[in-house]
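Hi,

Here is the structure I promised to pass on. Have a look at it first, and then read my notes below.

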Amino acid sequence: LKPFQPAFSWDFFLNMSDKENPNPTVFAVRHDTSQKRRMPVWMLAQVDNEMEQLDAEEVFEMVRSLKDPEHPELTLEQLKVVNKEHVVVDSTNEQITVQFTPTIPTCSVATLIGLTLKAKLCRSMPRRFAVEVEVYPGKHEQEAAINKQLADKERVAAALENPNLINNINANITGTDLLEDFLVVA
């Protein structure tokens, strides 16, 4: 048997010296602390033998601070790539769906953004949940192809074994885990 070979190369994501969207629109984001920073779901204790329910707000909190691959000084929330209204948690079927909106319809890093979202959620959510990440309908010229790639477990696994690509994904995730103040040891 031959090892799995993706139908495309992930390497084109790795050379981003020229910015496709050099001046993206940056949106204001909420910086309030009235809502306590939430503890990652994987740290939740069982209460009365039942796991605390996961909600869309909590999932959004996990992904809102991810960095944009093309503009690492900006978050996906600041660019309105992710928003709470496009996060769905189906606890009955144990399914999390996140739809994202690339900044332009020809965004060449849309698949990389999707992989970053998928990697973050798969690392952060309880294993019982299936994670689906897709382009918001009508927001990218290659929406069907990108969604097909992100839904293909073998392609995603192959991509996450590429050292250069995983370094890029990790750079976009680094520093996005927020813990409750009582968990941080001084």
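A quick definition before we start: a crossing of two helices is right-handed if the near helix is turned clockwise from the far one by less than a right angle, and left-handed if anticlockwise. Also, keep in mind that this is a predicted model.

Let's begin with α2 (residues 110-124) and α5 (residues 163-173). Their axes come within 10 Å and cross at roughly 70°. Angles of 65 to 115 degrees count as roughly perpendicular, so α2 is roughly perpendicular to α5. The crossing of these two helices is right-handed. On the α2 side, the contact includes Leu112, Leu115 and Ala119, while α5 brings in Leu165, Ile166 and Ile169, among others. Sorted by class, the residues of this contact are seven nonpolar, four polar and two charged.

Now for α2 and α3. Their axes lie 10 Å apart, at an angle of about 30°. Angles under 35 degrees count as roughly parallel, and α2 and α3 are therefore roughly parallel to each other. This crossing is right-handed too. Here Ala110, Thr111, Gly114, Leu115 and Lys118 of α2 meet Ile146, Gln149 and Leu150 of α3.

Finally, the core. The largest nonpolar core has 39 residues, and Val59, Val82, Phe100, Leu117, Leu121 and Ile169 have the most contacts inside it. Which helix gives the largest share of this core? That is α2, with seven residues. Take Phe100 as an example: among the residues it touches are Val82, Leu117 and Leu150.

Cheers

Terms used: Residues are numbered from 1 along each chain as its sequence is written. This is a predicted model: local features need pLDDT of at least 70, side-chain atom pairs count only at pLDDT 80 or more; totals for chains, interfaces and linings use all residues. Side-chain values use heavy atoms; hydrogens and water are left out. Axes are lines fitted to C-alpha atoms, for helices over the stretch in contact, and angles run from 0 to 180 degrees between N-to-C directions. Helices (H or I, at least four residues) and strands (E, at least two) are DSSP runs, numbered from the N terminus. Angles under 35 degrees count as roughly parallel, over 145 as roughly antiparallel, 65 to 115 as roughly perpendicular and the rest as oblique. Contact means heavy atoms within 4.5 Å. Ala, Val, Leu, Ile, Met, Phe, Trp, Tyr, Cys and Pro count as nonpolar, Asp, Glu, Lys and Arg as charged, and the others, Gly among them, as polar. A nonpolar core is a set of buried Ala, Val, Leu, Ile, Met, Phe, Trp, Tyr and Cys residues joined through side-chain atoms within 4.5 Å. Buried means under 20% relative accessible area, exposed over 50%, partly exposed in between (1.4 Å probe, protein chains only). Lists of a residue's contacts leave out its neighbours within four places in sequence.
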